[in-house]
Amino acid sequence: MLTVIKNGTIVSSQGTYRADILIEGEKIKKIGNIEEPLTRNSDTTIIDAAGKYIFPGFIDAHTHFDLHVAGTVTCDDFYTGTKAAVSGGTTTIIDFATAYKGESLMEGLKNWQKKAAKGCSCDYSFHMSFSEWNPDRKRECEVMMNEGITTFKVYMTYADMLDDRSIYEILVRLKEIGGITGCHCENSGLIDSLRDEYASDERISKPSSHYKTRPAAAEAEAINRLLYLAYVAGADVIDVHLTCEEGLNEIRGARKRGQKVYAETCPQYLLLDSSRLDTEAFSGAEFVCAPPLRTKHDNEVLWKAIAGGEIQTVSTDHCSFTREQRLLGKDDFRKIPGGLNGVEYRGILMFSEGVKKGRISLEKMCEVCSENPAKLYGMYPRKGVIAECSDADIVIIDPNDEYTIRAADQLSAADYCNYEGLKVKGRIESVFLRGRKVAEKGRVTEENTGEFIKRGKYSL
Ligand code: DUC
Ligand code: ZN
(Lines give C-alpha, C1' and ligand atoms only; values in the text may rest on other atoms or scores of the structure.)
(Ligands and ions follow the chains in the order given, each with its own letter.)
Protein backbone atom coordinates (compact mmCIF):
# COMPACT_ATOMS: atom_id res chain seq x y z
CA MET A 1 0.00 0.00 0.00
CA LEU A 2 1.24 3.45 -0.89
CA THR A 3 0.39 6.82 0.60
CA VAL A 4 1.35 10.15 -0.91
CA ILE A 5 1.21 13.32 1.14
CA LYS A 6 1.17 16.09 -1.43
CA ASN A 7 1.92 19.81 -1.37
CA GLY A 8 2.80 20.11 2.34
CA THR A 9 5.61 22.12 3.94
CA ILE A 10 8.11 19.73 5.49
CA VAL A 11 9.80 20.92 8.67
CA SER A 12 13.29 19.94 9.82
CA SER A 13 15.72 21.55 12.25
CA GLN A 14 17.51 23.04 9.25
CA GLY A 15 14.60 24.67 7.47
CA THR A 16 11.27 24.17 5.78
CA TYR A 17 10.58 23.20 2.18
CA ARG A 18 7.69 22.21 -0.06
CA ALA A 19 7.74 18.59 -1.21
CA ASP A 20 5.58 15.48 -1.53
CA ILE A 21 6.21 12.40 0.58
CA LEU A 22 5.76 8.86 -0.71
CA ILE A 23 5.17 6.27 2.01
CA GLU A 24 5.55 2.59 1.26
CA GLY A 25 4.75 0.20 4.07
CA GLU A 26 6.32 1.51 7.28
CA LYS A 27 8.93 3.73 5.64
CA ILE A 28 9.30 6.97 3.77
CA LYS A 29 10.22 5.83 0.30
CA LYS A 30 10.71 9.12 -1.52
CA ILE A 31 10.59 12.86 -0.97
CA GLY A 32 10.20 15.23 -3.91
CA ASN A 33 7.74 15.69 -6.67
CA ILE A 34 5.59 12.55 -6.69
CA GLU A 35 3.73 12.44 -9.97
CA GLU A 36 1.51 10.08 -11.93
CA PRO A 37 1.31 7.17 -12.51
CA LEU A 38 2.01 6.53 -8.82
CA THR A 39 -0.68 8.90 -7.70
CA ARG A 40 -3.19 7.35 -10.11
CA ASN A 41 -2.75 3.82 -8.79
CA SER A 42 -5.98 2.74 -7.05
CA ASP A 43 -3.97 1.32 -4.15
CA THR A 44 -2.50 4.73 -3.43
CA THR A 45 -3.99 7.01 -0.84
CA ILE A 46 -3.46 10.67 -1.67
CA ILE A 47 -3.53 13.30 1.06
CA ASP A 48 -3.52 16.93 0.08
CA ALA A 49 -1.49 18.82 2.70
CA ALA A 50 -1.43 22.21 0.94
CA GLY A 51 -1.04 24.95 3.52
CA LYS A 52 -0.11 22.44 6.25
CA TYR A 53 3.13 21.76 8.11
CA ILE A 54 4.58 18.27 8.14
CA PHE A 55 6.70 17.33 11.14
CA PRO A 56 8.53 14.12 11.99
CA GLY A 57 6.50 12.33 14.71
CA PHE A 58 7.12 13.90 18.10
CA ILE A 59 9.09 11.95 20.68
CA ASP A 60 8.20 12.32 24.35
CA ALA A 61 11.22 11.04 26.26
CA HIS A 62 9.70 11.49 29.71
CA THR A 63 6.41 9.80 30.61
CA HIS A 64 5.21 7.89 33.67
CA PHE A 65 2.41 5.48 32.80
CA ASP A 66 1.15 2.85 35.25
CA LEU A 67 3.45 4.14 37.96
CA HIS A 68 2.94 3.65 41.70
CA VAL A 69 3.25 7.05 43.39
CA ALA A 70 2.35 8.03 46.97
CA GLY A 71 0.14 5.02 47.67
CA THR A 72 -1.74 5.14 44.38
CA VAL A 73 -1.16 4.43 40.68
CA THR A 74 -1.18 6.99 37.86
CA CYS A 75 -4.60 7.04 36.22
CA ASP A 76 -3.03 6.65 32.77
CA ASP A 77 -1.58 3.26 31.97
CA PHE A 78 0.16 2.47 28.70
CA TYR A 79 -3.17 1.92 26.96
CA THR A 80 -4.75 5.29 27.77
CA GLY A 81 -1.43 7.14 27.96
CA THR A 82 -0.22 6.15 24.51
CA LYS A 83 -3.62 6.84 22.96
CA ALA A 84 -3.48 10.31 24.45
CA ALA A 85 0.10 10.66 23.21
CA VAL A 86 -0.53 9.70 19.61
CA SER A 87 -3.66 11.82 19.38
CA GLY A 88 -1.39 14.80 20.02
CA GLY A 89 1.27 13.83 17.49
CA THR A 90 3.63 11.89 19.74
CA THR A 91 4.58 8.74 17.87
CA THR A 92 7.20 7.49 20.35
CA ILE A 93 7.30 7.71 24.12
CA ILE A 94 10.10 6.69 26.47
CA ASP A 95 8.82 5.74 29.90
CA PHE A 96 10.87 4.92 32.99
CA ALA A 97 11.26 1.28 33.96
CA THR A 98 12.38 0.97 37.56
CA ALA A 99 14.42 -1.80 39.13
CA TYR A 100 13.24 -1.52 42.72
CA LYS A 101 15.60 -2.38 45.55
CA GLY A 102 16.62 -6.03 45.37
CA GLU A 103 15.48 -6.41 41.74
CA SER A 104 17.84 -6.88 38.83
CA LEU A 105 17.67 -4.35 36.01
CA MET A 106 16.27 -7.14 33.83
CA GLU A 107 13.46 -7.80 36.32
CA GLY A 108 12.64 -4.10 36.27
CA LEU A 109 12.61 -4.09 32.47
CA LYS A 110 10.39 -7.19 32.28
CA ASN A 111 7.91 -5.62 34.71
CA TRP A 112 7.60 -2.56 32.50
CA GLN A 113 7.39 -4.65 29.33
CA LYS A 114 4.42 -6.40 30.95
CA LYS A 115 2.73 -3.06 31.66
CA ALA A 116 3.25 -1.98 28.06
CA ALA A 117 1.94 -5.31 26.75
CA LYS A 118 -1.58 -4.15 27.70
CA GLY A 119 -1.47 -2.21 24.45
CA CYS A 120 0.40 0.76 23.07
CA SER A 121 -0.88 3.08 20.38
CA CYS A 122 2.50 4.67 19.73
CA ASP A 123 6.01 3.23 19.68
CA TYR A 124 7.72 3.00 23.02
CA SER A 125 10.91 2.35 24.90
CA PHE A 126 12.17 2.68 28.46
CA HIS A 127 14.93 4.36 30.36
CA MET A 128 16.16 2.26 33.28
CA SER A 129 15.85 3.90 36.71
CA PHE A 130 18.18 2.80 39.47
CA SER A 131 17.05 2.38 43.08
CA GLU A 132 20.40 1.09 44.28
CA TRP A 133 23.98 0.75 43.09
CA ASN A 134 26.12 -2.33 43.72
CA PRO A 135 28.31 -4.73 41.70
CA ASP A 136 25.27 -6.59 40.31
CA ARG A 137 23.61 -3.44 39.01
CA LYS A 138 26.96 -2.36 37.60
CA ARG A 139 27.30 -5.59 35.63
CA GLU A 140 23.72 -5.39 34.42
CA CYS A 141 24.17 -2.00 32.77
CA GLU A 142 25.76 -3.72 29.80
CA VAL A 143 22.90 -6.23 29.63
CA MET A 144 20.52 -3.26 29.34
CA MET A 145 22.59 -1.70 26.56
CA ASN A 146 22.28 -4.97 24.63
CA GLU A 147 18.51 -4.89 25.13
CA GLY A 148 18.36 -1.43 23.55
CA ILE A 149 17.91 0.32 26.88
CA THR A 150 20.75 2.78 26.48
CA THR A 151 19.67 5.59 28.79
CA PHE A 152 19.29 5.51 32.55
CA LYS A 153 17.87 7.63 35.36
CA VAL A 154 18.95 8.53 38.85
CA TYR A 155 17.08 10.50 41.50
CA MET A 156 18.63 12.88 44.00
CA THR A 157 15.39 12.92 46.00
CA TYR A 158 12.50 10.51 46.81
CA ALA A 159 12.78 6.99 48.28
CA ASP A 160 14.78 5.80 45.28
CA MET A 161 17.41 8.52 45.61
CA LEU A 162 21.04 7.59 45.35
CA ASP A 163 23.94 9.09 47.23
CA ASP A 164 26.67 11.09 45.53
CA ARG A 165 29.10 8.17 45.48
CA SER A 166 26.61 5.93 43.66
CA ILE A 167 25.75 8.64 41.16
CA TYR A 168 29.44 9.28 40.50
CA GLU A 169 30.11 5.57 39.96
CA ILE A 170 27.10 5.26 37.63
CA LEU A 171 28.41 8.18 35.57
CA VAL A 172 31.81 6.49 35.32
CA ARG A 173 30.29 3.13 34.35
CA LEU A 174 27.93 4.55 31.74
CA LYS A 175 30.74 6.52 30.19
CA GLU A 176 32.72 3.27 29.79
CA ILE A 177 29.89 1.51 27.94
CA GLY A 178 28.45 4.42 25.92
CA GLY A 179 25.31 4.94 27.99
CA ILE A 180 24.10 8.18 29.52
CA THR A 181 21.97 9.02 32.52
CA GLY A 182 19.33 11.61 33.18
CA CYS A 183 18.98 12.94 36.68
CA HIS A 184 16.10 14.32 38.74
CA CYS A 185 17.91 17.12 40.55
CA GLU A 186 16.52 18.33 43.87
CA ASN A 187 18.31 18.55 47.22
CA SER A 188 16.56 15.97 49.37
CA GLY A 189 17.83 17.05 52.81
CA LEU A 190 16.77 20.65 52.38
CA ILE A 191 13.34 19.64 51.07
CA ASP A 192 12.75 17.11 53.87
CA SER A 193 13.55 19.70 56.52
CA LEU A 194 11.24 22.30 54.96
CA ARG A 195 8.47 19.72 54.58
CA ASP A 196 8.64 18.82 58.26
CA GLU A 197 8.53 22.50 59.19
CA TYR A 198 5.46 23.22 57.01
CA ALA A 199 3.78 20.04 58.23
CA SER A 200 4.04 21.19 61.85
CA ASP A 201 1.37 23.91 61.57
CA GLU A 202 -1.72 24.87 59.58
CA ARG A 203 0.32 24.97 56.37
CA ILE A 204 0.05 21.18 56.33
CA SER A 205 -3.29 21.31 54.52
CA LYS A 206 -2.34 23.83 51.81
CA PRO A 207 -1.35 22.54 48.36
CA SER A 208 0.91 25.62 48.01
CA SER A 209 3.14 24.20 50.75
CA HIS A 210 4.30 21.70 48.17
CA TYR A 211 6.06 24.24 45.97
CA LYS A 212 7.17 26.39 48.90
CA THR A 213 9.12 23.48 50.36
CA ARG A 214 10.90 22.75 47.05
CA PRO A 215 12.62 26.06 46.25
CA ALA A 216 14.57 26.75 43.08
CA ALA A 217 17.74 26.74 45.20
CA ALA A 218 17.14 23.07 46.03
CA GLU A 219 17.06 22.30 42.32
CA ALA A 220 20.05 24.48 41.47
CA GLU A 221 22.20 22.99 44.24
CA ALA A 222 21.45 19.47 43.06
CA ILE A 223 22.17 20.36 39.43
CA ASN A 224 25.46 21.91 40.52
CA ARG A 225 26.38 18.76 42.47
CA LEU A 226 25.42 16.45 39.60
CA LEU A 227 27.44 18.50 37.16
CA TYR A 228 30.55 18.46 39.34
CA LEU A 229 30.21 14.69 39.76
CA ALA A 230 29.96 14.41 35.97
CA TYR A 231 32.94 16.74 35.62
CA VAL A 232 35.17 14.47 37.68
CA ALA A 233 33.75 11.39 35.96
CA GLY A 234 34.36 12.99 32.55
CA ALA A 235 30.83 11.93 31.63
CA ASP A 236 28.09 13.59 29.62
CA VAL A 237 24.83 13.91 31.51
CA ILE A 238 21.18 14.96 31.11
CA ASP A 239 19.35 17.28 33.49
CA VAL A 240 15.71 16.25 33.15
CA HIS A 241 12.83 18.69 33.70
CA LEU A 242 14.77 21.91 34.19
CA THR A 243 12.40 24.47 35.71
CA CYS A 244 14.27 27.65 36.63
CA GLU A 245 16.88 30.27 35.84
CA GLU A 246 19.00 29.26 38.85
CA GLY A 247 19.30 25.74 37.49
CA LEU A 248 20.04 27.00 33.99
CA ASN A 249 22.86 29.13 35.37
CA GLU A 250 24.49 26.01 36.84
CA ILE A 251 24.30 24.33 33.42
CA ARG A 252 25.81 27.41 31.81
CA GLY A 253 28.68 27.22 34.32
CA ALA A 254 29.37 23.57 33.53
CA ARG A 255 29.32 24.23 29.80
CA LYS A 256 31.88 27.00 30.34
CA ARG A 257 34.10 24.36 31.95
CA GLY A 258 33.78 22.41 28.70
CA GLN A 259 31.23 19.86 29.87
CA LYS A 260 28.58 18.27 27.65
CA VAL A 261 25.30 18.77 29.48
CA TYR A 262 21.91 18.12 27.91
CA ALA A 263 18.89 19.90 29.32
CA GLU A 264 15.23 18.96 29.07
CA THR A 265 12.25 21.05 30.05
CA CYS A 266 8.49 20.49 29.86
CA PRO A 267 5.49 22.61 28.72
CA GLN A 268 4.31 23.10 32.31
CA TYR A 269 7.55 24.92 33.14
CA LEU A 270 7.04 27.14 30.09
CA LEU A 271 3.36 27.93 30.50
CA LEU A 272 2.26 27.50 34.11
CA ASP A 273 3.53 29.08 37.32
CA SER A 274 3.21 28.44 41.04
CA SER A 275 0.33 30.91 41.47
CA ARG A 276 -1.85 27.99 40.30
CA LEU A 277 -1.29 26.41 43.71
CA ASP A 278 -2.01 29.59 45.68
CA THR A 279 -5.73 28.91 45.85
CA GLU A 280 -7.85 28.53 48.93
CA ALA A 281 -9.63 25.68 47.17
CA PHE A 282 -7.94 22.30 47.14
CA SER A 283 -7.92 22.45 43.30
CA GLY A 284 -4.40 23.88 43.60
CA ALA A 285 -3.41 20.26 44.23
CA GLU A 286 -4.02 19.56 40.52
CA PHE A 287 -0.81 21.51 39.85
CA VAL A 288 1.44 19.64 42.27
CA CYS A 289 4.50 18.26 40.55
CA ALA A 290 8.18 17.93 41.33
CA PRO A 291 10.21 19.92 40.68
CA PRO A 292 7.36 22.38 41.16
CA LEU A 293 6.01 25.11 38.92
CA ARG A 294 8.11 28.28 39.30
CA THR A 295 7.57 31.91 38.27
CA LYS A 296 6.44 33.67 35.11
CA HIS A 297 10.00 34.99 34.86
CA ASP A 298 11.31 31.43 34.81
CA ASN A 299 8.79 30.57 32.07
CA GLU A 300 10.23 33.25 29.82
CA VAL A 301 13.85 32.42 30.69
CA LEU A 302 13.23 28.83 29.63
CA TRP A 303 11.54 29.84 26.35
CA LYS A 304 14.60 31.95 25.54
CA ALA A 305 16.90 29.08 26.49
CA ILE A 306 15.08 26.85 24.02
CA ALA A 307 15.28 29.47 21.29
CA GLY A 308 18.97 30.01 22.01
CA GLY A 309 19.87 26.31 21.94
CA GLU A 310 20.57 25.98 25.67
CA ILE A 311 17.78 23.44 26.16
CA GLN A 312 17.88 20.44 23.84
CA THR A 313 14.58 18.64 24.42
CA VAL A 314 11.01 19.29 25.51
CA SER A 315 9.22 16.32 27.06
CA THR A 316 6.16 16.19 29.34
CA ASP A 317 6.90 14.22 32.53
CA HIS A 318 3.30 13.12 32.08
CA CYS A 319 2.20 11.62 35.40
CA SER A 320 -1.55 11.86 35.75
CA PHE A 321 -3.99 11.55 38.62
CA THR A 322 -7.71 12.09 39.00
CA ARG A 323 -9.21 14.67 41.36
CA GLU A 324 -10.12 11.89 43.74
CA GLN A 325 -6.54 10.67 43.82
CA ARG A 326 -5.29 14.17 44.62
CA LEU A 327 -7.60 14.15 47.65
CA LEU A 328 -5.23 11.67 49.29
CA GLY A 329 -3.33 14.80 50.29
CA LYS A 330 -6.36 16.80 51.46
CA ASP A 331 -5.09 17.04 55.03
CA ASP A 332 -1.38 16.77 54.34
CA PHE A 333 0.30 18.28 51.28
CA ARG A 334 3.04 15.63 51.52
CA LYS A 335 0.51 12.97 50.50
CA ILE A 336 -0.69 14.65 47.29
CA PRO A 337 0.41 12.42 44.41
CA GLY A 338 2.58 14.61 42.20
CA GLY A 339 2.73 15.00 38.45
CA LEU A 340 0.82 16.79 35.67
CA ASN A 341 -0.93 15.51 32.58
CA GLY A 342 0.19 16.77 29.22
CA VAL A 343 1.26 13.94 26.92
CA GLU A 344 -1.47 14.82 24.40
CA TYR A 345 -0.86 18.56 24.43
CA ARG A 346 2.88 19.06 23.97
CA GLY A 347 2.77 19.35 20.17
CA ILE A 348 -0.06 21.88 20.02
CA LEU A 349 1.29 23.85 22.99
CA MET A 350 4.73 24.18 21.43
CA PHE A 351 3.15 25.18 18.13
CA SER A 352 0.57 27.61 19.47
CA GLU A 353 2.41 29.12 22.45
CA GLY A 354 5.87 28.75 20.95
CA VAL A 355 5.80 29.11 17.15
CA LYS A 356 2.61 31.14 16.72
CA LYS A 357 3.59 33.55 19.48
CA GLY A 358 7.03 34.03 17.95
CA ARG A 359 8.98 32.54 20.86
CA ILE A 360 10.54 29.78 18.78
CA SER A 361 10.77 28.92 15.10
CA LEU A 362 9.20 25.94 13.37
CA GLU A 363 12.71 24.55 13.00
CA LYS A 364 13.38 24.85 16.72
CA MET A 365 10.11 23.12 17.54
CA CYS A 366 11.12 20.25 15.27
CA GLU A 367 14.55 20.12 16.90
CA VAL A 368 13.35 19.92 20.52
CA CYS A 369 10.24 17.76 19.98
CA SER A 370 11.51 15.32 17.34
CA GLU A 371 15.09 15.52 16.12
CA ASN A 372 17.09 16.04 19.31
CA PRO A 373 15.15 13.45 21.32
CA ALA A 374 15.75 10.95 18.51
CA LYS A 375 19.50 11.67 18.58
CA LEU A 376 19.89 11.88 22.34
CA TYR A 377 17.92 8.69 22.87
CA GLY A 378 19.54 6.63 20.13
CA MET A 379 16.77 6.45 17.50
CA TYR A 380 18.09 8.77 14.80
CA PRO A 381 17.65 8.69 11.77
CA ARG A 382 15.07 5.92 12.05
CA LYS A 383 12.98 8.48 13.91
CA GLY A 384 13.10 12.26 14.38
CA VAL A 385 13.38 13.26 10.73
CA ILE A 386 11.39 13.21 7.50
CA ALA A 387 13.89 11.44 5.28
CA GLU A 388 13.98 8.59 2.81
CA CYS A 389 14.28 5.23 4.66
CA SER A 390 13.13 6.72 7.97
CA ASP A 391 10.04 5.40 9.72
CA ALA A 392 6.96 7.11 8.29
CA ASP A 393 6.09 8.73 11.64
CA ILE A 394 4.46 11.93 10.45
CA VAL A 395 2.42 14.73 11.99
CA ILE A 396 0.39 17.08 9.81
CA ILE A 397 -0.44 20.40 11.49
CA ASP A 398 -3.10 22.74 10.18
CA PRO A 399 -1.81 26.18 11.20
CA ASN A 400 -5.09 27.94 10.47
CA ASP A 401 -7.44 25.96 12.68
CA GLU A 402 -8.01 26.94 16.32
CA TYR A 403 -9.83 25.51 19.33
CA THR A 404 -9.98 25.56 23.13
CA ILE A 405 -8.39 22.83 25.20
CA ARG A 406 -11.00 21.07 27.34
CA ALA A 407 -10.72 18.08 29.69
CA ALA A 408 -14.05 16.91 28.26
CA ASP A 409 -12.26 16.22 24.96
CA GLN A 410 -9.10 14.63 26.30
CA LEU A 411 -8.09 11.01 25.96
CA SER A 412 -6.10 10.84 29.18
CA ALA A 413 -7.97 9.12 32.01
CA ALA A 414 -7.56 12.25 34.15
CA ASP A 415 -10.82 14.11 34.85
CA TYR A 416 -9.31 17.56 34.56
CA CYS A 417 -6.74 19.22 32.36
CA ASN A 418 -3.85 21.41 33.48
CA TYR A 419 -4.36 23.58 30.36
CA GLU A 420 -8.17 23.82 30.64
CA GLY A 421 -9.63 26.75 28.70
CA LEU A 422 -6.46 27.62 26.83
CA LYS A 423 -7.28 28.82 23.30
CA VAL A 424 -4.78 27.38 20.86
CA LYS A 425 -3.97 28.26 17.29
CA GLY A 426 -3.36 25.35 14.97
CA ARG A 427 -4.42 21.72 15.20
CA ILE A 428 -2.70 18.36 15.03
CA GLU A 429 -4.68 17.19 12.05
CA SER A 430 -3.34 13.74 11.15
CA VAL A 431 -0.78 11.42 12.69
CA PHE A 432 0.95 8.52 10.96
CA LEU A 433 2.79 5.81 12.85
CA ARG A 434 5.14 3.77 10.67
CA GLY A 435 3.03 4.49 7.61
CA ARG A 436 -0.45 3.93 9.10
CA LYS A 437 -2.77 6.76 9.88
CA VAL A 438 -3.49 6.36 13.58
CA ALA A 439 -5.05 9.65 14.64
CA GLU A 440 -7.09 12.45 13.17
CA LYS A 441 -8.15 15.71 14.84
CA GLY A 442 -7.59 14.42 18.35
CA ARG A 443 -9.22 11.02 17.83
CA VAL A 444 -7.32 7.75 17.59
CA THR A 445 -8.38 5.98 14.42
CA GLU A 446 -6.31 2.84 14.88
CA GLU A 447 -5.08 1.71 18.29
CA ASN A 448 -2.50 -0.72 19.69
CA THR A 449 -0.10 -0.69 16.74
CA GLY A 450 2.84 0.62 18.82
CA GLU A 451 6.03 -1.42 19.01
CA PHE A 452 9.00 -1.58 21.35
CA ILE A 453 11.96 0.30 19.87
CA LYS A 454 15.40 -1.09 20.53
CA ARG A 455 17.57 1.99 20.85
CA GLY A 456 21.21 2.62 20.05
CA LYS A 457 23.79 4.82 21.80
CA TYR A 458 23.17 8.53 22.14
CA SER A 459 24.61 10.80 19.47
CA LEU A 460 23.85 14.47 19.97
N1 DUC B 1 7.84 14.26 39.43
C2 DUC B 1 6.51 14.26 39.47
O3 DUC B 1 5.89 15.28 39.72
N4 DUC B 1 5.87 13.09 39.21
C5 DUC B 1 6.50 11.90 38.87
C6 DUC B 1 7.94 11.87 38.98
C7 DUC B 1 8.58 13.18 39.20
O8 DUC B 1 9.78 13.27 39.20
ZN1 ZN C 1 9.51 12.26 35.72
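The model is predicted, with local features requiring pLDDT of at least 70 and side-chain atom pairs counted only at pLDDT 80 or more, whereas totals for chains, interfaces and linings use all residues. Residues are numbered from 1 along each chain as its sequence is written, chains are lettered from A and ligands numbered from 1 in the order in which they are written, and side-chain values use heavy atoms, with hydrogens and water left out.

Ligand 1 is surrounded by H64, Y158, H184, H241, C289, A290, D317, C319, G338 and G339, where a residue is near a molecule if one of its heavy atoms lies within 4 Å of it. By class, this shell holds four nonpolar, five polar and one charged residues; Ala, Val, Leu, Ile, Met, Phe, Trp, Tyr, Cys and Pro count as nonpolar, Asp, Glu, Lys and Arg as charged, and the others, Gly among them, as polar. A backbone N or O atom of G338 lies 2.9 Å from a nitrogen atom of ligand 1. An N or O atom in the side chain of Y158 is 3.4 Å from a nitrogen atom of the ligand, and a polar backbone atom of G339 is 3.4 Å from an oxygen atom of ligand 1. Of the 240 Å² of accessible area that ligand 1 has on its own, the protein covers 96% (Shrake-Rupley method, 1.4 Å probe).

Eight strands form an open sheet in the order β8-β11-β12-β13-β14-β15-β16-β17, with parallel pairing. Strands are DSSP runs (E, at least two residues) and helices are runs of H or I of at least four residues, both numbered from the N terminus; two strands pair if DSSP finds at least two bridges between them. β8 (58-63) and β17 (313-314) stand at the edges with a single partner strand each, so one side of each is left without a neighbour in the sheet. Within the sheet, β12 (residues 123-129) is joined to β13 (residues 151-155) by two bridges, and S129 stands opposite K153 in β13.

An antiparallel pair is formed by β4 (residues 20-24) and β5 (residues 27-32), over five bridges. I23 stands opposite I28 in β5. Two residues lie between the strands of this hairpin, in which G25 takes a positive phi near 60°.

Most residues other than glycine have a negative phi, and most peptide bonds are trans. In D66, phi is positive, near 50°; this residue lies in the loop between β8 and β9 (68-69). A cis peptide bond joins A290 and P291, with omega about -5°, and P291 is found in the loop between α9 (267-271) and α10 (296-307). A290 also belongs to the surroundings of ligand 1. Another cis peptide bond, with omega about 5°, joins Y380 and P381, and P381 is placed in the loop between α13 (362-376) and β18 (394-404).

Note on methods:
Polar contact = N/O pair within 3.5 Å; in protein donor to acceptor, adjacent residues only side chain to side chain.
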